[in-house]
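Please look at the sequence and the structure first.

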Amino acid sequence: MPEARARLDLARRFTPEERSRLSLGIVPRNMEDKWFIYFEDGWLHFHRSWTGVCIYTVRLADADGASETAEAWVNRAPDQYTRTDDDYDVRLLAFLVDRLLLGRDAPFPVPPAVAGSERAALYRHHVVGHERTNDDDE
C-alpha cells in the first residue's frame with residue numbers, strides 16, 4: 001500500500017466461521033480472476049491480479065469471540081488506482097468481501113457514471129471477472 005491512501009469507514013463484524021473463510025483469501029487461477037486476496041498478520045490484502053497493485057487493506061481484530069474490521073485503507077496513488085470516491089470504495093470492498101470471500105449473493109455496486117447503461121455489465125466484468133469465490137472448485 002503506497003503512502004497515498006485513504007482510510008475507509010468499513011464497519012463489519014464476522015463470526016469465527018466467517019473469519020476462517022476470510023483467511024482463505026483467493027488465488028487467481030485464470031485471466032477472469034481479477035483479484036488476488038490474502039490474509040497475513042491480521043490483515044486482508046486485496047491486489048489486482050494482473051498488475052499486482054494493492055488496492056485495499058483491511059485489518060481484522062478479535063472482538064468477543066468474533067472479529068471486526070479495525071481499519072481499512074484504499075490506495076490513492078493516481079498512477080495505480082484512479083478512483084477517488086471513498087463511499088464507492090467502501091461499497092466495492094464490502095462486495096468483494098461478501099461475494100468473493102464469503103460466497104454470498106451480493107449486489108454489485110455500479111458507479112453512477114455507468115449505472116443504467118450498456119457499459120454497466122462491462123464495468124462489472126472489468127472489476128470482478130466471473131466472480132469465482134474462494135470455495136469454487138474451478
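## Basis

This is a predicted model: local features need pLDDT of at least 70 and side-chain atom pairs count only at pLDDT 80 or more, while totals for chains, interfaces and linings use all residues. Residues are numbered from 1 along each chain as its sequence is written, and side-chain values use heavy atoms, without hydrogens and water.

## Hairpin

Strands (DSSP runs of E, at least two residues) and helices (H or I, at least four) are numbered from the N terminus. Strand S3 (residues 35-40) runs antiparallel to strand S4 (residues 43-48), with six bridges; pairing takes at least two bridges found by DSSP. Ile37 is opposite Phe46 in S4. Two residues separate S3 and S4 in this hairpin, and Asp41 in the turn has a positive phi of about 50°.

## Aromatic rings

There are six aromatic pairs. Rings of Phe, Tyr and Trp (its six-membered ring) pair if their centres lie within 6.5 Å; planes under 30 degrees apart are stacked, over 60 edge-to-face, the rest tilted. Phe95 and Phe108 pair edge-to-face, at 5.2 Å centre to centre and 85° between the planes. Trp35, Phe46, Tyr56 and Tyr81 make up one aromatic cluster.

## Leu60

Leu60 belongs to strand S5 (residues 54-63). Leu60 counts as buried, at 6% relative accessible area; buried is under 20%, exposed over 50%, partly exposed in between (1.4 Å probe, protein chains only).
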